[in-house]
Amino acid sequence: MTPLQIDLTSAPNDTRTVSLHGCDSQLFGLDELFLEVTGGRCRIAVVSGPAGTGKTELLTTFGDQMVAAGAPRLVATASQAEQAVPYGVLAQLFRKAGLSPERNGELARLLRRAGAVGPTDAVGDGESSRIFHELCLALLDVVERIAGPVVICVDDAHYADTQSLQCLSSVMRRLRNEPLLVICTESVHAESTDILVRAEFPPEPLSLRLTLGRLGRSGLKGFLTQWLGLRAANRLAAECYAATGGNPLLVHGIVEDNRASASDPDGPLVIGSGFDRAVLRCLFRCGPAAIALCRQLALLEEPLTAELLSQFVGLDPKTVTRAFEVLESAGLLTAGWFRHPRIRSVVLGSMAAEERADGHTRTAHLLYQVGASTLAVAGQLLAAGQVASGCSVSVLHEAAEQALGDGEVDLAMGLLRLAYQFNGDERQKATTVAMLARTEWRADPYTARRRTPDLTAATQAGQIPGKYASVSVNSLLWFGNTDAANTILHNFEELTFDRDPEAAAQLQASRMCLSTFYPGLAEPFPSVGGPDVQVPAATTPQGNAAHLFGCLLTNGPTECLLAEAEQILHSHQLDERSMAALLGAVTTLVFGDQLVAAERFLAALDRQARALSAPVWCGLLGTARAEIALRRGDLRAADREARSALAAIPGRSWGVAVAVPLSTLLQVSTAMGAYDQALEHLRVPVPDAAFRTPAGLYYLSSRGRYHLAIGLPQAALRDFLAVGELAMAWRQDSPAVIPWRGGVARALLQGGQAERAREFAREQLDLCRPDQTRARVVSLRVLAACSRLSARPKLLGRALEALQDIEARIELARVLHDLGAAHQELGQYSKGRLLIRQALKIAEEAGAVLPGPGSATGSGNAERAALAMVNGPAGTLSDAELRVAKFAASGHSNRQIANRLFVTVSTVEQHLTRVYRKLQVTRRTDIARALHSGMGGAA
């Protein structure tokens, strides 16, 4: 037989049709049944199936075919809203029967009498029985007056009133041998009793039950092929099935959305407004219970059990279970949740804004009552934009803490803003402000800074809970507002551990931080009895941080301190409280030259920081990675890490800490000989308050190295002496952290004051413990430069031996160079030349030039002096010319050289012109021989 055709037009002028796949057996059954009717038999067919599977389309189209075949059709559509109206379906049938006005009037009066009597049982006694009898005779008369087969169609018969169905049943019993076909459609999960039983229709063989279902994968693919073509069907079938479950109504929507893109061979599945409309049509055919359940599910973030959902929607568990079956059979749900995220969005969109807000508020209250997670409750409150009765603001606080722990910073901010909006209690409001400031701090301390005045006032009023008591002080210290921080700490002198032990502990930790990081403004952290004496750790992570940094700056990385640092790194997870302690522990390992261990811990901490959406922490950890690379002698990595750290957050948000990455960049540029870059770094503003912190000393030391490299020994001397004066005054004078005496010695040596240089170098060497290798190496190099020629190899040999225990390529290159130069001066030319070339190779791999330790003559570039001894005219090249010549000799193009040295191509060309003249060569290929042969133009 010809397959049934269903109109899928999306516009009035679109007349395309498509076969309804998967209905062959049902169509065949109806066709056979109609053949029996034309033979003088009375038959009934019940078509059932989930919502959206084509029951109405099947009924309408088959009825149209019957009309075309000459069979009159009476049609009625039942609805739940009219289910309680007696004979409502029967009234629709009468209107389609073409009766005379007089007869219509009589039936209308009879139906009004039935409505007055009410929806009583049709088989009862009295007035209702008489009305039932008269209406049955009226319907019987209508059917008998029509010549030929009669088709009666009742759509959604599960919503039909019982009186109409029983009247149809009565007529069918009287017309067993008349050509009458009754076709009813019902939901496969109808809440009412089976209509065949409820209406007492004749049993088999007078009745036929047909069931429609969702399309299978092959049926769906065929459907898409007929509409969109084989190529598009092959591409979209799997995704379409996943989104619709094969529900024909939903597939219709998908087809409508993908018509325009069907010709695109690589186009994705489009899910748009057509699908949205299909979802709503399908949902509203599922019945009130299913609609209520689906809307409640859309309000939730995850599935709940049927027992809990029954409380939420106000239905008994059995009804909820049946509603689940309806929605899953319709393809809207699968495994208790939405088949596709778009379905949930559509359901939410079908609710008015006020209705959604009320639903979220009610859901939050119920979730709170049943003991759901605070994050689930708070998420509902956030969606509602209001606090439900019975749900305190503390729920939002707790949920915000949990969200922060999961790295959901935006969610935490939303929850805290809601808490602030609906909070009337001053203490809770102060807590909210503290939590907001702490949350904002992760991404941008400058933004969080605007909350400092409110926090300060609340802290001084005693309204901040203990664990947040130090938030305002920490913010003030970060930006160098030490006077305000001191005031807050002074006002809390009377706070005892009995009143608020946690607040007292936090504020005591803040005092320790002030003492450590601003040592000139407060009483210093109590000094330990000696470098190997263990000081009990503070009671808070912030106190641990102050303790670690204080001991490191005072005594350097002792064995006990390194062990404590490792213990902290093993025992703490990264969060707001532990961040400073963890950073202090890593820094301790770095200055203790435990670079491999520090790098391993940093990698784990960086992963945690990124997972927690904390750019500030990523920036701080990046400065530690840059310091590791610098100490190893990997200048390119150090430059990259320091720049990345600075870029992690806005420059204004770094506060006084900006001095640390800038110091690293300054040292890197100086070591690379990129003095223009170094000058650019020096032009970046550093807060004045930074120079009241150890970070400021680090910055001054880096600037002193720059001044030495460019031949300004007096400026360098001022920087290093300033560092020394502050370090001694602050009792933070550890040569392992800031070896300022070595810097003073180098500046004096470069200025021609060798004897004074020797004194500072000897003093630093005496202060260094055996494990403080780097400071000892600097001291030994300066001592060697100040000593007689015969003593230099022995001193430099000690430095070289010490370097075997640590990763320090640049220091190694410098010592090798100094040792080679000493052998050259002693007449051991071959040995000296070998050491110098080895030093140059190591320096080149590190990306560094070799500024020497200085000499009595004030020479500032040992590499140039070495080349003069080894290579003759090459020693006349300037630093910049030498760098360009080396790159050109190794085959780099002018543009590549410019990119490597961060200069313009024009600058490279100018340097090369001077290189050709000084080396007396005319071709690029002669540069390498001129540099290494020692013969200049004679090459």
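The model is predicted: local features require pLDDT of at least 70 and side-chain atom pairs count only at pLDDT 80 or more, while totals for chains, interfaces and linings use all residues. Residues are numbered from 1 along each chain as its sequence is written, and side-chain values use heavy atoms, with hydrogens and water left out.

**The sheet**

Begin by selecting the open sheet of 5 strands, whose order is E4-E5-E6-E3-E7 with parallel pairing. Helices (H or I, at least four residues) and strands (E, at least two) are DSSP runs numbered from the N terminus, and two strands count as paired if DSSP finds at least two bridges between them. At the edges are strand E4 (73–77) and strand E7 (207–211), each of which pairs on one side only. From one strand to the next, the twist averages 15 degrees. For such angles, axes are lines fitted to C-alpha atoms, for helices over the stretch in contact, and values run from 0 to 180 degrees between N-to-C directions.

**Strand E5 and its neighbours**

Next, select strand E5 (residues 150–155), which pairs with E4 in the parallel sense over 5 bridges.

Now colour E5 by accessibility. Are its residues buried or exposed? Of its 6 residues, 6 are buried, where buried means under 20% relative accessible area, exposed over 50%, and partly exposed in between (1.4 Å probe, protein chains only). In a regular strand the side chains alternate between the two faces of the sheet. In E5, Val-150, Ile-152 and Val-154 point one way, and Val-151, Cys-153 and Asp-155 point the other way.

Move to E6, which pairs with E5 in the parallel sense over 5 bridges. Here Val-151 has Leu-181 in E6 as its bridge partner. The chain passes from E5 through H6 to E6 in a right-handed β-α-β crossover; right-handed means that, with the strands pointing away from the viewer, the path from the first strand over the helix to the second runs clockwise.

Display helix H6 (residues 162–174) as well: this helix packs on the sheet and touches strand E3 (42–49), E5 and strand E6 (180–187), contact meaning heavy atoms within 4.5 Å. The direction of H6 makes about 145 degrees with that of E3.

**Salt bridges**

The whole structure holds 35 salt bridges, each a side-chain nitrogen of Lys or Arg within 4 Å of a carboxyl oxygen of Asp or Glu.

Select Glu-256 and Arg-277, whose closest N and O atoms are 2.2 Å apart. This pair links distant parts of the chain, with Glu-256 in helix H10 (residues 248–258) and Arg-277 in helix H11 (residues 273–284), 21 residues apart. Glu-256 is partly exposed at 28% relative accessible area, and Arg-277 is partly exposed at 37%.

Turn to helix H37 (residues 754–767), where Arg-758 and Glu-755 lie 3 residues apart, about one turn of the helix. Their side chains meet in a salt bridge at 2.5 Å, N to O, and Arg-758 is partly exposed at 23% relative accessibility.

Then pick Glu-680 and Arg-683, which form a salt bridge with the closest N and O atoms 2.7 Å apart. Glu-680 is partly exposed, at 45%, whereas Arg-683 is exposed, at 54%.

Finish by selecting Asp-593, Glu-627, Arg-631 and Arg-774 together: a network of salt bridges links them.
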